[in-house]
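Let's take a tour of a protein model, one piece at a time. Keep the picture open while you read.

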Amino acid sequence: MFRDVEDVYGFRIDGELERVEDELDAGATLTLYRIVREAVTNAVPLSGAGEAVVTLRTAKGRVSATIRDEGRGFEWTEGEAMDSDGHIGLTGMHERAAHVGGTVAVRSAPGEGTTIQASVPVNNPDWTDERGNER
């Protein structure tokens with residue numbers, strides 16, 4: 001995905017990716033991928049920057065992806081209604097993460113860039129949904 005974004009849009013993504021082997025189930029892996037893709041796809045036209053850094057780390061039973069650009073940023077207060085002011089992509093990120101027991105945090109301010117951090121739990125065979133089905 002990173003190469004495609006650079007080839008098509010000229011937007012460089014530096015990846016600092018820790019190897020994560022068998023730590024996430026298929027649903028959590030797809031969720032984290034889609035959140036990163038959405039964040040990068042938003043950064044290309046909206047940040048005004050020419051690059052972003054994506055970091056993937058494992059710690060304390062969670063896998064976290066951080067997407068950071070040094071672009072124009074936007075007015076944001078954590079906890080505000082995500083679908084206000086056209087932040088529909090952020091709503092989707094939060095909903096996807098919540099579906100697998102994860103979280104998304106957004107930090108942004110005009111002129112200060114944007115950081116999005118998504119975190120999902122590693123495989124846990126005891127973790128089940130509200131119906132008792134393994135996720």
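## A pair of strands

Start with threonine 103: its bridge partner in E5 is serine 119. Further along, valine 106 has isoleucine 116 as its bridge partner in E5. Altogether, six bridges join E4 to strand E5 (residues 114–121), and the two run antiparallel. Helices (H or I, at least four residues) and strands (E, at least two) are DSSP runs, numbered from the N terminus, and two strands pair if DSSP finds at least two bridges between them. E4 and E5 make a hairpin with five residues between them, and glycine 111 in the turn has a positive phi of about 80°.

Before going on, a word about the source: this is a predicted model, where local features need pLDDT of at least 70 and side-chain atom pairs count only at pLDDT 80 or more, while totals for chains, interfaces and linings use all residues. Residues are numbered from 1 along each chain as its sequence is written, and side-chain values use heavy atoms, with hydrogens and water left out.

Now zoom out. Five strands form an open sheet in the order E1-E2-E3-E5-E4, with mixed pairing. E1 and E4 stand at the edges with a single partner strand each, so one side of each has no neighbour in the sheet.

Helix H2 (residues 26–46) packs on this sheet and touches E1, E2, strand E3 (62–69), E4 and E5. Contact means heavy atoms within 4.5 Å. The direction of H2 makes about 5° with that of E3. Axes are lines fitted to C-alpha atoms, for helices over the stretch in contact, and angles run from 0 to 180 degrees between N-to-C directions. Helix H3 (residues 88–99) lies across E4 and E5, at about 150° to E4.

## Charged pairs

How many salt bridges does the structure hold? There are three, a salt bridge being a side-chain nitrogen of Lys or Arg within 4 Å of a carboxyl oxygen of Asp or Glu. One of them joins glutamate 16 and arginine 57 (3.9 Å, N to O). Glutamate 16 sits in strand E1 (residues 12–17) and arginine 57 in strand E2 (residues 51–59), so this pair ties together parts that are 41 residues apart in sequence.
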